[in-house]
Structure formats: C-alpha cells, structure tokens
Amino acid sequence: MKKFYLFLIFCLGFGFWAGHVTMIRHTMDQIIPQGEIVRMKATGMNSTEGPVWIKEGYLIFSDLAGNELKKYALDGTITAYRNPSSMANGNTVDRLGRLITCETENRRLVIEEKNGMIRTLVDRWEGKKLN
C-alpha cells in the first residue's frame with residue numbers, strides 16, 4: 001500500500017494514523033498524481049468534514065468536535081470562521097457563492113448571506129423537525 005504524509009484530515013478515501021496516510025481506495029489515484037507527496041497542514045482537530053472552496057480564495061471546513069467552522073487561507077493559516085458552529089457537519093455554496101451549512105445541533109440547513117447574516121433555509125419536513 002502507498003503511504004503519504006497527512007495533507008488534510010478530510011481527504012476521503014484514506015485511513016490515517018500517527019501522521020501517515022494509507023490509500024484504501026485506489027480511485028484517489030485519479031485525484032492525486034502518482035509520486036505526489038501529501039503533506040500535513042494542520043493538527044489538533046478530531047473530526048473534520050464538509051470542505052468547500054470559497055471563490056474569494058479560501059477553504060471552509062467543519063471541525064465537528066470543536067464545534068467550529070474553520071477557514072484555511074492560501075497562505076496556510078487556519079483561523080476560526082464561525083464559533084460556535086452549532087455542530088456544523090456539511091457545507092456547500094449556492095450559485096451566488098453564499099455558504100450553506102448543515103447544523104446538527106439546531107437540526108436545520110442555513111445560508112450565510114453576503115452581509116454575514118445567518119438565515120434558516122429548512123428545519124422541517126412535512127411539519128416535523130429534521131433529525
């Protein structure tokens with residue numbers, strides 16, 4: 001099995017331990033060029049997911065265990081983006097570039113308007129609270 005250094009914890013298709021990553025799905029060969037070294041960029045997070053690229057030049061991802069959305073900038077810095085995040089565990093953007101986030105704690109899907117306001121998109125289905 002190929003071994004790589006840990007790049008970002010949320011790279012799907014990998015198992016990792018003690019600073020190493022082992023490829024468990026060889027479909028990742030289509031994304032990571034053969035011979036490329038994957039490097040560690042961050043530590044101290046236990047459960048990350050929901051990475052989404054923001055066209056202004058940064059990545060947003062969820063640190064579920066830390067109850068925080070993080071911002072990964074092109075210069076390699078990682079800062080808090082939204083804290084607390086209401087246990088955000090999934091992110092995407094709409095056609096206008098607005099961040100859409102699934103909040104586990106509040107059992108809802110929210111959108112962040114360009115002015116920073118958070119608005120509920122949906123929190124019920126057929127009259128029942130989302131689970």
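Glutamate 112 stands opposite isoleucine 118 in β11, strands here being DSSP runs of E of at least two residues, numbered from the N terminus. The model is a predicted one, in which local features need pLDDT of at least 70 and side-chain atom pairs count only at pLDDT 80 or more, while totals for chains, interfaces and linings use all residues. Residues are numbered from 1 along each chain as its sequence is written, and side-chain values use heavy atoms, with hydrogens and water left out.

Strand β11 (residues 118-122) pairs with β10 in the antiparallel sense over four bridges; pairing requires that DSSP find at least two bridges between two strands. The two form a hairpin with five residues between them, and glycine 116 in the turn has a positive phi of about 95 degrees. The hairpin of β9 and β10 has four residues between the strands, with arginine 107 in the turn at a positive phi of about 55 degrees.

Isoleucine 100 is found in strand β9 and stands opposite isoleucine 111 in β10. Isoleucine 100 is classed as buried because its relative accessible area is 14%, the class limits being under 20% for buried, over 50% for exposed and partly exposed in between (1.4 Å probe, protein chains only). The C-alpha atoms of isoleucine 100 and valine 110, 10 residues apart in sequence, are 5.6 Å apart in space. With neighbours within four places in sequence left aside, the contacts of isoleucine 100 (heavy atoms within 4.5 Å) are Gly90, Asn91, Thr92, Asp94, Leu109, Val110, Ile111 and Leu121.

An open sheet is formed by four strands in the order β4-β5-β6-β7, with antiparallel pairing. Strands β4 and β7 (78-82) stand at the edges with a single partner strand each, so one side of each is left without a neighbour in the sheet. Neighbouring strands of this sheet are turned by 30 degrees against each other on average, direction ignored; axes are lines fitted to C-alpha atoms, and angles run from 0 to 180 degrees between N-to-C directions. Five bridges connect β4 and β5, and tryptophan 53 stands opposite leucine 59 in β5.

Serine 62 lies in strand β5 and counts as buried because its relative accessibility is 0%. The side chain of serine 62 reaches the backbone oxygen of alanine 88 at 3.2 Å. Residues up to four places away in sequence not being counted, serine 62 touches Ser47, Thr48, Glu49, Glu68, Leu69, Ala88, Asn89, Gly90 and Asn91.

The largest nonpolar core comprises seven residues, Val52, Ile54, Tyr58, Ile60, Leu69, Ala88 and Leu99. Such a core is a set of buried Ala, Val, Leu, Ile, Met, Phe, Trp, Tyr and Cys residues joined through side-chain atoms within 4.5 Å. At least two residues of this core come from each of β4 (48-54) and β5. Apart from this core lies another, of five residues, among them Ala42, Leu59, Phe61 and Tyr72. Phenylalanine 61 lies in strand β5 (residues 58-63) and counts as buried because its relative accessibility is 2%. The C-alpha atoms of phenylalanine 61 and tyrosine 72 are separated by 8.0 Å, at 11 residues along the chain. In soluble globular proteins, nonpolar side chains tend to be buried together.

Methods: A polar contact is a pair of N or O atoms within 3.5 Å; within protein, one must be able to donate a hydrogen and the other to accept it, and residues adjacent in sequence count only if both atoms are side-chain atoms.
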